[in-house]
Amino acid sequence: MATQHHSPASASDKTPAKKRFSVPHTYAILFIMIVLAALASYVLPTGEFERIKDATSGKTIVVNDSYHAVESSPVGFFDMFKAIPDGMQKGAQIIFYIFIVSGVFGIIRSTGAIESGIHKGVRHLEGREKLLIPASMFLFSIGGFTMGMAEESIIFVPIGIALARAMGFDAVTGTAMITMGAASGFMGGMLNPFTVGVAQSLAQLPLFSGLAFRAVIYVIVLGFAIWYVMRYAYKVKADPTKSVIYDLEKQAVSEKVEMDIPELNTRHKLVFLVMVIGLACNVYGVFKYEWFLTELTASFLIMGLVAGLVGGLSVNNLFDSFVAGAKAVTFGALIVGFARAITVVLEDGKTIDTMIYGLTSAIGHLPDAINVIAMFLIQAVLNLFISSGSGQAATTMPIMVPIADLLGIQRQVAVLAFQYGDSVTNSIIPTSSALMGYLAVAGIPYEKWVKFIWKLLLGWALIACIALITAVFLGIT
């Protein structure tokens, strides 16, 4: 490892340099939370609610007004570390679901079908100025609500920028019409297995329930985003000085982006057919036969293997792609185990119900609409520190679900609060690897992007709040 050599400091150099604040590593934050949860077992009063299993729904429900003190159960030093493998074990079904489904999408990506299909779609819009932005955003939103597309959109940003500039727009427009389309679908989340699927499984809800309500909100979210991006794009076209990166645009030279993306062929079309049939089978199985994570994982596996074979992958390439896809989500998948470890420590220390009792006592007198907005804001803030959607679900759902039960709020609404809190801020938090990735590719400074995006995200936050209040009054289940 290379060492740094410093020249002797002069008197004027002795002023200590200011260190820039950096957000701690996600795993460091979770480990600190595990330590704090263990310390809480020595400080907080211990107590429990009674829980019963509802015969109709099969959900384990917290009984209101049943909180009572119990004997203290402090969590020891070694027990605190044991909680991590225990958390991995308790979250195993979700962890392996994430690994396997991501492996399947790794296979599908390796066929080149997704890249070639989207590339053909976006290129087909070249010269069709009025359709370019809405059609591109809709196209990428499909990836957002079916497979949680985020980092996958990065490779298309240069194409979006080239098309946008060719039509008199700027690089921000080109970036937004790709990434904000995917983000709109991610926020809709109707069939997203990594956020909505994980959160609903933890909340003991049927997978992908509430799909119709989410679809309506998705249309509104996408429609607002299209209007916002188009409004900005045509303002820049009319007056280039209105661009938030005007100085950078003046320096940009017209360039034709050439990317090594294969042409859409018959094999790719067959892969898309397999994906459509596979996703349709999943939806049918969930609603007709009440499939859960195990059945969905098996269905995804079949879809991935068939897609890989019809896509022309050899058996070795197929499984290499599967492993590569699973490897790519190691960070997010193992977070679920660390997050569950927090719950394990709180349960072993008998303080989780004390925290739930304290929170519900503090806000129980407030209207449900205010409580659900508070849930949304908490999730939005936590997203800065736990940018993995599945990890955030595993961290918060064990606490949010009992709170929702005690306050008389539907569990589906608690999942919606998580979903919208997690997704609205993804396009502005500097801890998002997807955001920083596509800004780097686009050459857009972070502060310039914030100047462009903040009003869009404020609008999304307002839509989310109205959606949550509506869900409370409609009693969405």
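**Whole chain.** I'm working from a predicted model. I began with secondary structure and found 20 helices against four strands in the protein chain. Next I looked up the radius of gyration: it is 24 Å, close to the 23 Å that the globule rule gives for 477 residues, so the chain is as compact as a globular protein of that length. I also took the box along the principal axes, and the C-alpha atoms fill roughly 75 × 70 × 50 Å.

How much of the chain is buried? Buried residues come to 52% of the 477.

**Contacts.** I kept to contacts between residues at least 6 apart in sequence; of these, 79% join residues at least 24 apart.

**Helix H16.** I picked out H16, which runs over residues 368–385. Its 18 residues reach 27 Å from first C-alpha to last, close to the 26 Å expected at 1.5 Å a residue. Which residues of H16 are buried? I listed Ala-369, Asn-371, Val-372, Ile-373, Met-375, Phe-376, Gln-379, Ala-380 and Asn-383. A reminder to myself on spacing: an α-helix has 3.6 residues a turn, so residues three or four places apart point the same way. Last, I asked what the buried residues of H16 pack against. I found helix H15 (352–363), helix H17 (389–407), helix H18 (411–424) and helix H20 (446–474).

Terms used:
Residues numbered from 1 in each chain as written. Predicted model: local features only at pLDDT ≥ 70, side-chain atom pairs only at ≥ 80, totals over all residues. Heavy atoms only, no water. Helix = DSSP H or I, 4+ residues; strand = E, 2+ residues; numbered from the N terminus. Rg over C-alpha atoms; globule rule 2.2 N^0.38 Å. Buried < 20%, exposed > 50% of the residue type's maximum accessible area, 1.4 Å probe, protein only. Contact = heavy atoms within 4.5 Å. Expected span 1.5 Å × (residues − 1).
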